[in-house]
Amino acid sequence: MSLYQRTKEATLGLLGPWIFLGLSASCLPRTILKLIWERKLSVLLSPSKLQDAWFSEVWKFQGPMIRQTAGEIVVPLLEGRATAGDVTPEPVGPGIHGTVIEVGPGSGLWVDVYKMVAEVNPNPEAEAGEGTVRRRNAGASGGKRVITRIYGVEPNQDQHPHLKRAIANAGLEGVYQIVPVGIEDLDNPDKWDGRVEKESVDCIVSILCLCSIPEPEKNIRELYGYLKKGGHWFVFEHVRCEYSWYMKAYQRFVNVFWPHFLGGCLLCRQTEKTLREAGPWEKIDVAQPVIEPWYKTVPHILGVFTK
């Protein structure tokens, strides 16, 4: 690649966050007009509720594009085909299975993926134990793991109509349950119609959501407590830049504006550090995706934490 091409790619990469912010800003007038049309004046008068409604509108349009690009590594991750920040042709670790918590599913961008990477069966007897694999005659790998229950923790009520539609389209009614409260109330049946017991979950999935949860240290430690011993946390999250002073400074400058346009999302969170310190882990296989270049203003981590 020539110097001109490398410079052009880096320039476009550095401008990318500003283009994304511009697209987000373009959704605000539409959000306001929609709320006026629906006579939701109380939402218009509440900055936090307006921000949630605005972000829902942004994600409705931008989410599918993000899904298309990120899906190339998220799907292999959930199949157990990711290690050291790279995708492998064959499984090198555990795939998703059993009882699952999906953190911040939003509009249900990833809901249909569960049937792509595993069998889904609400009958607990379908899974004789951790690591059980249902054999498929046509499966090149011999079969898929079994998911018996999914809890989607999504306190943003504006996302629920879209999420319910995604669950129905994926045929996951009876398996996927929306949890309409925050992480701190997962085990509180007084707050929602259900309860998740501590140390009862086989897998946690967090995809581009830990950037905006409140009190990340507290809530990530809380989620850690729901994992069984030997449970797995599948993670694909954007994180703080940790390389070159100029990229660190540039990311911090972008972050001055970023959370106000994107639902409180924070670019500079040390999410990997917080996850590592949530509790003792038996194994950590997490790294920045190898495909990400040096000028990535929104770098990610990809991999699995095993309790």
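At what angle do the axes of helix H1 and helix H3 cross? I found that the axes of H1 (residues 3–37) and H3 (residues 47–78) cross at roughly 125 degrees and come within 8 Å. That makes H1 oblique to H3 (under 35 degrees is roughly parallel, over 145 roughly antiparallel, 65 to 115 roughly perpendicular, and the rest oblique). I noted the crossing of H1 and H3 as right-handed.

A note on the source: this is a predicted model, where local features need pLDDT of at least 70, side-chain atom pairs count only at pLDDT 80 or more, and totals for chains, interfaces and linings use all residues. Residues are numbered from 1 along each chain as its sequence is written, and side-chain values use heavy atoms, with hydrogens and water left out.

Next I listed the contact of H1 with H3 (heavy atoms within 4.5 Å). From H1 it includes Phe-20, Leu-23 and Leu-28. From H3 it includes Trp-54, Phe-61 and Ile-66. By class I logged 12 nonpolar, three polar and four charged residues in the contact of H1 with H3.

Then I turned to phi. Most residues other than glycine have a negative phi. Ala-84, not a glycine, has a positive phi of about 55 degrees. I placed Ala-84 in the loop between strand S1 (82–83) and strand S2 (86–87). Ala-84 counts as partly exposed, at 49% relative accessibility (buried is under 20%, exposed over 50%, partly exposed in between, with a 1.4 Å probe and protein chains only).

Ser-244 also has a positive phi, near 60 degrees. Ser-244 sits in the loop between strand S9 (227–238) and helix H7 (245–255). With a relative accessible area of 25%, Ser-244 is partly exposed.

Key: Axes fitted to C-alpha atoms, helices over the stretch in contact; angles between N-to-C directions. Helix = DSSP H or I, 4+ residues; strand = E, 2+ residues; numbered from the N terminus. Left-handed = near helix turned anticlockwise from the far one by under 90°. Nonpolar A, V, L, I, M, F, W, Y, C, P; charged D, E, K, R; others polar.
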